[in-house]
Amino acid sequence: MISKKNVLLYCGATGDEQFVCSSLEMQERKLREYCDGNGYEVVGVYHENSPALTFGTERPMIKQMYDYCKSNSGQIDKILSLNWGRYSRSLEGIFACKRIFYDELGVEINTIESPICFTDTEWATTILSTF
């Protein structure tokens with residue numbers, strides 16, 4: 001039997017409270033549906049409401065996910081978000097997230113709208129095309 005991949009969900013939004021709540025709920029619902037359809041086990045959900053100008057561990061929920069992945073080494077396979085803009089509005093921010101999670105901890109970060117294969121030599125070009 002193939003074991004399910006353990007996944008953390010990362011939902012992010014900025015704006016007024018009503019918009020943020022509905023956006024976060026919608027993102028989580030879509031992510032859970034994706035995980036159900038792909039055999040992923042959701043082991044945590046993180047809702048971020050911080051300025052899009054910050055990135056990496058400057059964002060409180062990304063810092064919490066990083067700490068969780070680090071303290072549960074080898075137990076988290078992937079972090080999923082709706083799109084790359086949830087991680088950061090800048091390429092620098094996305095590369096920082098890739099570095100701290102994928103390169104440092106071995107935890108894949110990805111999205112359900114524009115998934116990327118980091119073992120592909122063209123992954124950076126693929127990310128550039130999403131902006």
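Predicted model: local features only at pLDDT ≥ 70, side-chain atom pairs only at ≥ 80, totals over all residues.
Residues are numbered from 1 along each chain as its sequence is written, and side-chain values use heavy atoms, with hydrogens and water left out.

**Around Tyr-46**

I placed Tyr-46 in strand S2, residues 40-48; strands (E, at least two residues) and helices (H or I, at least four) are DSSP runs numbered from the N terminus. Beyond the neighbours within four places in sequence, I found Tyr-46 in contact with residues including Leu-8, Leu-9, Met-61 and Tyr-68, contact meaning heavy atoms within 4.5 Å. Leu-9 is 37 residues from Tyr-46 in sequence, yet their C-alpha atoms are 6.1 Å apart.

**The sheet**

I then traced the open sheet, whose four strands run in the order S2-S1-S3-S4 with parallel pairing; two strands pair if DSSP finds at least two bridges between them. S2 and S4 (108-111) stand at the edges with a single partner strand each, so one side of each has no neighbour in the sheet. Strand S1 (residues 5-12) pairs with S2 over eight bridges in the parallel sense, and Leu-8 has Gly-44 as its bridge partner in S2. Helix H2 (residues 60-71) packs on this sheet and touches S1, S2 and strand S3 (78-81), with its direction at about 145° to that of S2; axes here are lines fitted to C-alpha atoms, for helices over the stretch in contact, and angles run from 0 to 180 degrees between N-to-C directions. H4 also packs on the sheet, touching S3 and S4, and its direction makes about 140° with that of S4.

**Helix H4**

I read H4 as residues 91-105, 15 residues in length. A kink of about 30° is centred on Arg-99, the bend at a residue being the angle between axes fitted to the seven residues ending there and the seven starting there. Lys-98 lies in this helix and counts as buried because its relative accessibility is 9%. After H4 comes Gly-106, with a positive phi near 75°.

Technical notes: Expected span 1.5 Å × (residues − 1). Buried < 20%, exposed > 50% of the residue type's maximum accessible area, 1.4 Å probe, protein only.
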